[in-house]
Amino acid sequence: MSSFVSQTIKDLPPSGIRKFFDVAAEMEDVVSLGVGEPDFVTPWHIREEAIFSLEQRHTMYTSNAGMSELRDEISRYMSDRFGLQYNPNSQVLVTVGASEGIDIALRAIINPGDEVLVVEPCFVSYNPCVLMAGGVAVSVPTKAENDFRVTADDIRDKITPKTKAVMLCYPNNPTGAILEHDDLDKIAALLREHEIVVISDEIYAELTYGDDPHTSIASFAGMYEKTIVINGFSKAFAMTGWRLGFVCGPSELMEAMAKIHQYIIMCAPTIAQYGGLEALKNGMPDVEAMRKEYDGRRRYMLDEFCKMGIDCFEARGAFYLFPSIKKFGMGSEEFCRRLLNEQRLAVVPGTAFGACGDGYIRCSYAYSIDSIKEALLRLRKFI
């Protein structure tokens, strides 16, 4: 039956994360810093509201775009937190996780052969989603010397007449990097000169550490009209398994995305939408409590890396660190394979996130402090 499989799908490599953790799953006594999933259970009041929605017999489809009450609340959230005004009736779409939002945003804008600039290291699905939409993914590598911040010059060097879009993810998975106001201002100035759509994955927007909150590139002059903002509930509200996200953007692009969404999905799960509504209404104190806990783990892990002599820039977003292992004379995959086999510690090779990730590993601190301490003990033994 292999002859029936699409050549595009045949040519797609397996996820660098899944491939590695399939091996780890077969081993005993493995400690992991590999999965980007909060160790917190979804706050009770959110779960309770979802349970109550079932008791109230809310088990039917919602509108394709999502419950109107939820879209209203998303619009209010985007205004209050990021100063962005979106019409809930034409500029907000509730999706099955942020991942669906990324997929349909790309499919809505790409014609065969269009180029999409993908800032790397990046989330593992970006390049495959571009390819499955018929586009050409063009890597825009970033460097540890610049704290993995993409610059306007980095982007300018990759723009061609075929460039249709640029994909940004800040706070970044896997590096934990953020873009500051000045960084975004220069990128916005460049992109205002070109007919290029920005797909801005801001799923970690609530998880930044420092004095300055997250700023969306859509808030800069001339960028609102050409930016698709992807966000969701998985990371900030510890709602990964609920599969609930949302997309905001220009109404013409949202209409195109809604067309794809209604044919392939119909609507996001109703029970999850009720949970998301409660999360936005009353869940921000929970987000802040979890953010503070992540920050403590972040600082602890950074300090331990320093004591071990492992070079790592201070990530200020998401819940990952991206330390360099170049001094040990191994590539990322060899380092991670040996670490798993010799110390039963699973981390993700940087190559899973693009070629420029070689020489780095991704370590998640979305784990309990006890798990982190045991993991770092094993890492120290391996070194």
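**Pocket, domains and buried residues**

Me: From which domains does the lining of the largest pocket draw at least three residues each?
Reply: In this predicted model, both domain 1 (2–42 + 285–382) and domain 2 (44–282) supply at least three residues to the lining of the largest pocket. The pocket has a volume of about 560 Å³. Of its 24 lining residues, the closest to the centre are Gly36, Ser99, Phe123, Asn173 and Lys235. The elements that contribute two or more residues to this lining are α2 (16–25) and α5 (97–109).

Me: What makes up the lining of the largest pocket by class?
Reply: The lining holds 11 nonpolar, 7 polar and 6 charged residues. In this classification Gly counts as polar and Lys as charged.

Me: How do you know that domain 1 and domain 2 are in contact?
Reply: Contact requires heavy atoms within 4.5 Å. By that criterion, 37 residues of domain 1 touch 39 residues of domain 2. The C-alpha centres of the two domains lie 24 Å apart.

Me: Why does the radius of gyration of the protein chain agree with that of a compact globule?
Reply: For 383 residues the globule rule gives a radius near 21 Å, and the protein chain has 20 Å, so the two agree. Taken along the principal axes, the C-alpha atoms fill a box of roughly 55 × 55 × 55 Å. Of the 383 residues, 54% count as buried. The secondary structure comprises 13 helices and 12 strands. Among contacts between residues at least 6 apart in sequence, 76% join residues at least 24 apart.

Me: Why is α5 said to be largely enclosed by the rest of the structure?
Reply: Of the 13 residues of α5, 10 are buried, and the helix is therefore largely enclosed by the rest of the structure. The buried residues are Gly97, Ala98, Glu100, Gly101, Ile102, Asp103, Ile104, Ala105, Leu106 and Ile109. As noted for the largest pocket, α5 is also one of the elements that give two or more residues to its lining.

Me: Why is Cys122 called buried?
Reply: The limit for a buried residue is a relative accessible area under 20%. Cys122 has 1%, and is therefore buried. Cys122 belongs to the loop between β3 (115–120) and α6 (126–132).

Me: What is in contact with Cys122, leaving aside its neighbours within four places in sequence?
Reply: Asn127, Asn173, Pro174 and Phe353 are in contact with Cys122. One of these, Asn173, is also among the residues closest to the centre of the largest pocket. The C-alpha atom of Cys122 is 8.3 Å from that of Thr175, a residue 53 places away along the chain.

Me: How do you know whether Thr208 is buried or exposed?
Reply: Exposed would require over 50% relative accessible area, and buried requires under 20%. Thr208 has 12%, so it counts as buried. Its place is in the loop between β6 (197–201) and β7 (227–232). Beyond residues up to four places away in sequence, Thr208 touches Pro171, Pro213, His214, Arg291, Arg316 and Gly317.

Me: What makes Ser324 count as buried?
Reply: The relative accessibility of Ser324 is 13%, and with the limit at 20% the residue therefore counts as buried. Ser324 is situated in the loop between β9 (320–321) and α12 (332–343). Aside from neighbours within four places in sequence, Ser324 contacts Ile310, Asp311, Gly359 and Tyr360. Its C-alpha atom is separated by 9.3 Å from that of Arg362, which lies 38 residues away along the chain.

Me: How many cavities of 30 Å³ or more are counted?
Reply: The count is 2. A space qualifies as a cavity if a 1.4 Å probe fits but cannot get out. The largest cavity holds about 80 Å³ of space. Its lining includes Leu168, Cys169, Ser200, Asp201 and His214. The elements that give two or more residues to this lining are β5 (163–169) and β6. By class, the lining of the largest cavity divides into 6 nonpolar, 4 polar and 2 charged residues.

Me: What is the volume of the second largest cavity?
Reply: The second largest cavity has a volume of about 60 Å³. Of its 13 lining residues, Tyr77, Glu206, Asn231, Gly232 and Phe237 are the closest to its centre. This lining has 9 nonpolar, 2 polar and 2 charged residues.

Methods:
Residues numbered from 1 in each chain as written. Predicted model: local features only at pLDDT ≥ 70, side-chain atom pairs only at ≥ 80, totals over all residues. Heavy atoms only, no water. 1 Å grid on protein atoms, 1.4 Å probe; cavity = no way out; pocket = protein on both sides within 12 Å on 5 of 7 lines; lining within 4 Å. Points joined across faces, edges and corners; volume = space filled by probe spheres on them. Helix = DSSP H or I, 4+ residues; strand = E, 2+ residues; numbered from the N terminus. Domains from an automatic or database assignment. Buried < 20%, exposed > 50% of the residue type's maximum accessible area, 1.4 Å probe, protein only. Rg over C-alpha atoms; globule rule 2.2 N^0.38 Å.
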